[in-house]
Amino acid sequence: MQLKRSLLISGAAIGALCAVAIPTWASSHREAPGTTEQPKIDGTDFYMFKSYEPGRDQFVTFIANYQPLQNPYGGPNYFTMDPDALYEIHVDSDGDAVEDLTFQFDFDNRLVNDTGVTLDIAGKDIPIALRAAGPVSAPEDAALGENEYYSLTLVSGDRRSGTRDAITNAADGSIEFVKPLDNVGNKTIADYPTYAGQFVYDVTIPNCSTPGRVFVGQRAEAFAVNLGEIFDLVNLVPIEGDSAPGAGDGGGFPGGITQDRANDDLVGKANVTSLAIEVPVDCLVGAGNGTIGAWTTASLPQANIEDPLPTYKQTSLYGGAYVQQSRLSAPLVNEVVIGLPQKDLFNAAEPTQDGALADYVTNPTLPAILDLLFRDAVNQTLGTSIANLAPTNIPRDDLVAAFLTGIPTLNQQSIVTPSEMMRLNTGIAPTPRATQSTFGVAGDDLAGFPNGRRPGDDTVDIALRVVMGALCYPVPINGTPTDLGFCTSDDAPVGNVAFTDGAPISATELKNAFPYLNDPLAGSPNN
């Protein structure tokens, strides 16, 4: 796997970035000009939560999704990972916004016998155009002409200069793992759940007394969002139209959108590639207070020379220091918070640089856009005269706490460094799947977003409500309405409104075991 590292070319070191950005609320699909050009390293979602699979409550699960909007029928090459990139999950155990641990995934794609499957055509062995020449049911199946492998490294300290130790297969001590073929269809892979289950590995993590688990492979998209309408100037009435989500009674806001899977542009329609790892809690918390911060990145070597005579092993010559191309923690930061001029800069920055663009959080533009789009309609419908739908508590200390510092007594770390990280209080027990609230902390479920993020947390609805001032009203904490003290109801005239995009999600729609996300949609038949 190190062959690609040997093709290094000299180059000047990259200058230090002087600024970066800040967080917000949803996920990250084609969010910046740079990542649209390189979808293999485009991080789409990042999940971090106490494992709620029965018997695994002393573990934390991290899931970093990449390659957005995968059409299940997207053959013949489907969605291999980039062998020139480094994909990483970083963990800060004390709150200084610097990684203490990094889980580093490094991929390598190989043709069997350097040719893939060949057929004898009139006495000549000719490589076929497809990745498989028959049904596939096991890792490195004989019908496969191309296999995808990865190594997993634990880096303690700085991601580039820290101590490196291999994470190994607990069954045989090997340092290489296999990624399953994407879900081509049921003629190629008759039983995809059974097939994919063979790629969940128990792993030995250095300095951990208990094995963890890892899975890398295609999964069904779990991020529920009314994507097309949102980016078409919010082409819907984003307020719950029923008396309660799913009630079907039209007893909510007149003309408001109601919950319906048909409103969802991703769930049930697209796949992603998941890098999932489950780690014992006691290997993560270090000397901190039990709350950890984390984020995922993808990096490429800084120099790229296109090869005029490309081969399977090399289409471009890469070299030089690794440069971060994609970054993600709290979910729609780059889509709807960071301004156009700084989107690629945000992706390249580290949390220690957050603050230079803090205005995007303290003085957010999204509430002002919603005010411009809907103030007149709201006043006309309700017979009110609200002067501004957007919260007036500027700077928005409520948003700073939710996304940059953590909330005191909930998920603030021992060192408070304003920075864009997902934060998780590992001392809070996981909520069983059946009783999770899709609204997380706002739904009186302290094990949910923004205390980490679970696949069943409806982050779009939560984000809409928080950005419009939900934290200016009492929030239920252990069943008791609690004033967080950041602002008041007078600051947020619509902060108690049930904002929604109408695209529902629930933990009960997803798996109750690692790696939690559902098996990918099949490319065939009749997709």
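Threonine 431 and aspartate 445 are joined through their side chains by a polar contact of 2.6 Å. By polar contact I mean a pair of N or O atoms within 3.5 Å; within protein, one must be able to donate a hydrogen and the other to accept it, and residues adjacent in sequence count only if both atoms are side-chain atoms. This is a predicted model, so local features need pLDDT of at least 70 and side-chain atom pairs count only at pLDDT 80 or more, while totals for chains, interfaces and linings use all residues. Residues are numbered from 1 along each chain as its sequence is written, and side-chain values use heavy atoms, with hydrogens and water left out.

Where does threonine 431 sit? Its place is the loop between β16 (422-425) and α10 (459-467). Helices (H or I, at least four residues) and strands (E, at least two) are DSSP runs, numbered from the N terminus. Threonine 431 has a relative accessible area of 16%, so it is buried. Buried means under 20% relative accessible area, exposed over 50%, and partly exposed in between, with a 1.4 Å probe and protein chains only. Leaving aside neighbours within four places in sequence, threonine 431 is in contact (heavy atoms within 4.5 Å) with Tyr52, Gln436, Asp445, Ala447 and Arg454.

Now the disulfides. How many does the structure hold? There are 2, a disulfide being a pair of cysteine sulfur atoms within 2.5 Å. One joins cysteine 208 to cysteine 283, S to S 2.0 Å. That pair links distant parts of the chain, 75 residues apart: cysteine 208 is in the loop between β11 (201-204) and β12 (212-220), and cysteine 283 is in the loop between β13 (271-280) and β14 (291-306). Cysteine 208 is buried at 14% relative accessibility, and cysteine 283 is buried at 16%.

Cysteine 472 and cysteine 487 also form a disulfide, with sulfur atoms 2.0 Å apart. Here the partners are 15 residues apart, with cysteine 472 in the loop between α10 and β17 (475-477) and cysteine 487 in the segment after β18 (480-482). The torsion about their S-S bond is about -95°, so this disulfide is left-handed. Both cysteine 472 and cysteine 487 are buried.

Last, a sheet. It is open, with 6 antiparallel strands in the order β1-β2-β13-β12-β11-β9. β1 (43-50) and β9 (168-169) each have a single partner strand, so one side of each is left without a neighbour in the sheet. Two strands pair if DSSP finds at least two bridges between them; β12 and β13 are joined by 8. Phenylalanine 215 has alanine 276 in β13 as its bridge partner.
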